[in-house]
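User: I would like to learn how to read single features in a model like this one. Please take them one at a time, giving the idea and then the case.

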Amino acid sequence: MTCTGDDIKYLKRMGTSISRNVELSSNEYLLKFSDKENISPNDPFWNRFLAFNIKPPTTSTDQLSLDTKIEPLCQKLLTNNLQSGNIGSLIRVFLTRCGELLGATNTNDNVYCWQIFNSLFMIRCILKYLTETVNEEQLIEHLEVGSENQTSRLESLIGALFGIIVDIPLKEFTYAVHLEAITCLIVLLSIQLHTNKKAEQSSIYRSIMKEKGATYFQHKSRKDNETIESAANGDFQEVPLATQSLLLVLILTNHCTTQTNPYRQCLFACLNSQDNNPIPPTRAPSIFKIDYNGLFLTLCRRANGDAATLLLYLLLHRNPSFKSYLLARLDVDQLVIPVLKTLYHAPDSNSHHIYMSLITLLILSEDDVFNRSVHETRLKAIPWYTERNLSEVSLGGLLVLVVIRTIQYNMLKMRDKYLHTNCLAALANMSAQFRDLHPYVSQRLVSLFETLAKKYLKLAQRIESEKQTKDAETKVTIAEGSDGEQDLSVLEEVLRMVLEIFNSCLTNQLTNNPNLVYTLLYKKDVFEPFKNNSAFQDIVQNIDIVIEYFSQLLQAKSQQNEVDATQVLLIIQQGTRQWPKDKLTKFPELKFKYVEEDQPEEFFIPYVWALVSQQLLLHWGTESSSILSAFC
């Protein structure tokens with residue numbers, strides 16, 4: 001259903017023509033619905049009340065305008081509903097229509113869909129107002145007032161919403177109903193934005209976590225091309241159902257992580273539908289199959305988006321089957337390049353997106369096959385990489401360049417120690433497989449060390465100078481634990497890690513990296529201050545051995561005749577063939593594995609709700625939500 005959302009257009013019905021521009025505040029049906037008098041679910045009123053053709057908002061401005069227009073009516077309804085119970089009556093009408101909807105889809109009759117959509121839209125608007133105005137207990141009281149049986153009206157509503165998503169076939173005339181059902185669930189789940197309680201303590205979340213999560217994912221994965229496997233494809237304007245499906249998946253899988261979460265379990269256990277191996281009977285209830293190829297291709301197209309990157313992270317980190325499938329593909333560059341592009345354009349992204357993109361690379365770098373294959377994949381031109389015109393470079397070389405640029409950006413702007421650590425961890429994992437590094441890549445690696453070395457030496461000199469010139473009382477204030485000492489300690493860790501990356505590459509791949517050896521010789525002076533520093537002495541010794549070995553070869557050759565840059569590189573290539581493999585001291589293999597924080601909810605829940613707030617048309621103010629405020 002397409003739309004503007006500024007007003008409600010009523011169709012001709014029952015021989016009466018209704019004005020196109022109806023004032024909501026004076027609409028007789030809305031006034032009666034929000035009044036004190038109870039309207040029975042069997043009253044003919046509902047047929048008239050739900051017989052409108054609404055054009056929902058397509059922009060957040062339109063949605064905010066609608067919220068403003070209906071607020072007086074919602075206030076009146078809130079005042080009167082505990083007496084009238086009309087919210088409960090509307091829900092009962094909706095539940096009755098749901099039972100009729102399945103038959104309507106089989107006969108291609110969209111009359112039921114029309115009224116179901118209208119009732120869902122009304123329920124959604126009311127629920128959003130309630131979640132923002134009253135606490136969860138009061139909200140449930142408004143839903144349950146007048147309930148005559150033991151079945152919770154809230155649970156019946158949740159069950160019906162999932163029933164629409166799972167059981168109603170997705171067709172052109174049911175599209176809007178599916179969209180509104182998902183929106184209603186998101187609005188219910190948004191109660192988390194307005195409370196200090198954990199999701200595990202929420203009655204709404206407990207009810208939703210009891211729902212058939214496996215069935216939800218199972219059906220969504222095979223119903224159409226615009227749900228789970230293409231949910232990351234596009235923005236709200238292009239594919240609203242896909243966008244909201246993905247957001248709902250992220251909400252469901254990132255809350256209630258400390259208890260049984262069927263949605264989380266299903267996402268982390270889903271298998272490839274192209275794999276004909278049967279699901280073990282003991283695992284069958286919680287496992288479904290999805291087309292990994294379709295999912296991979298969609299993620300490749302949308303890997304520059306926050307929500308798609310977060311879904312990719314969850315699958316790589318938690319679903320071993322999908323991770324193995326992805327790493328076995330020969331075209332993994334189609335996924336890696338968009339991720340690198342996101343990191344390259346870090347100033348245009350939020351810190352969470354940068355972090356998730358980087359963690360994705362770190363997880364991939366844990367695999368040796370990946371680390372080898374990226375250096376075998378040659379790229380002819382990278383139009384978005386504008387710092388240097390690279391006519392040809394390996395995917396691995398591009399990865400190194402972008403990660404180094406991220407480190408430099410972090411030093412200037414974000415100053416996040418953990419981002420530094422994860423950047424260097426990814427490079428360290430790859431270092432033993434560095435092959436045929438481009439001259440420019442080699443220069444940037446050594447330049448990174450040079451920049452850090454200058455910062456380290458300058459800071460160390462300043463601290464030492466302050467210690468010598470200030471009195472004893474001042475010495476206490478700059479002792480171990482001061483900002484200067486802490487900064488020096490962080491720089492020391494980072495510098496040593498960069499040196500370990502050089503050492504790992506030289507130990508394992510010296511013969512395949514003449515350009516790196518060339519750059520080390522050219523910049524050998526930057527390593528001099530660290531030869532006698534106890535924090536770096538052992539690791540610098542190996543680098544110094546390499547520099548001395550090739551320096552002697554060049555000196556011997558230059559005594560015979562003058563050598564230019566091309567000849568220097570040729571001498572290095574020849575020297576690598578005679579290089580004694582046991583000449584360098586062996587250090588433990590550099591291997592880092594990503595480990596999620598102890599309380600990941602503190603990072604992911606604000607991030608997910610920020611994405612929902614940004615990508616959905618629904619408006620939630622940060623001033624009323626501690627979760628959204630935490631992200632800003």
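User: Is Gln509 buried or exposed?

Analyst: A word on the source: this is a predicted model. A residue counts as buried under 20% relative accessible area. Gln509 has a relative accessible area of 8%, so Gln509 is buried. Gln509 is found in helix H23, which covers residues 483-509.

User: Which residues does Gln509 touch, not counting residues up to four places away in sequence?

Analyst: With those sequence neighbours left out, Gln509 touches Ala432, Gln433, Phe434 and Arg435. With Arg435 there is also a polar contact, side chain to side chain, at 3.3 Å.

User: What is the relative accessibility of Glu376, and how does Glu376 count?

Analyst: The class exposed begins over 50%. Glu376 has 58% relative accessibility and therefore counts as exposed. Glu376 has its place in helix H18 (residues 368-376).

User: How many aromatic pairs does a search of the whole structure find?

Analyst: The search finds 28 aromatic pairs. To class a pair, read the angle between the ring planes: over 60 degrees counts as edge-to-face. In the pair Phe530 and Phe536 the planes stand at 90° and the ring centres are 5.2 Å apart, so this pair is edge-to-face. Phe530 is buried at 1% relative accessible area, and Phe536 is buried at 0%.

User: What are the distance and the angle for Tyr549 and Trp579?

Analyst: The centres of Tyr549 and Trp579 lie 4.9 Å apart, with 85° between the planes, and this aromatic pair is edge-to-face. Now place the two residues along the chain. Tyr549 is in helix H25 (residues 537-560), while Trp579 is in the loop between helix H26 (565-577) and helix H27 (601-615), so the pair ties together parts that are 30 residues apart in sequence. Tyr549 is buried, with a relative accessible area of 16%; Trp579 is buried too, at 9%.

User: Which residues do ring pairs link into a cluster?

Analyst: The cluster consists of Tyr313, Tyr355, Tyr594, Phe603, Phe604 and Tyr607, linked by ring pairs. Arg405 lies over the face of Tyr344, 4.0 Å from the ring centre.

User: What span should helix H17 have, and how far apart are its end C-alpha atoms?

Analyst: The expected span is 1.5 Å times one less than the number of residues. Helix H17 (residues 351-365) has 15 residues and should span 21 Å; its end C-alpha atoms are 21 Å apart, which agrees. As for cover, 14 of the 15 residues of H17 are buried, so to speak "mostly covered".

User: Which residue caps the N-terminal end of H17?

Analyst: Asn350 caps that end of H17, with a side-chain oxygen 3.0 Å from the backbone nitrogen of His352.

User: What do the totals for the chain say?

Analyst: The chain has 28 helices and six strands. Of its 632 residues, 54% count as buried. The chain exposes about 28500 Å², of which carbon and sulfur atoms supply 48%. For contacts between residues at least 6 apart in sequence, 73% join residues at least 24 apart.

Definitions and conventions. Residues numbered from 1 in each chain as written. Predicted model: local features only at pLDDT ≥ 70, side-chain atom pairs only at ≥ 80, totals over all residues. Heavy atoms only, no water. Phe/Tyr/Trp six-rings, centres within 6.5 Å; stacked < 30°, edge-to-face > 60°. Buried < 20%, exposed > 50% of the residue type's maximum accessible area, 1.4 Å probe, protein only. Helix = DSSP H or I, 4+ residues; strand = E, 2+ residues; numbered from the N terminus. Lys NZ or Arg CZ within 6 Å of the ring centre and 35° of its normal. Polar contact = N/O pair within 3.5 Å; in protein donor to acceptor, adjacent residues only side chain to side chain. Contact = heavy atoms within 4.5 Å. Areas by Shrake-Rupley, 256 points an atom, 1.4 Å probe, with all protein chains shown as cover.
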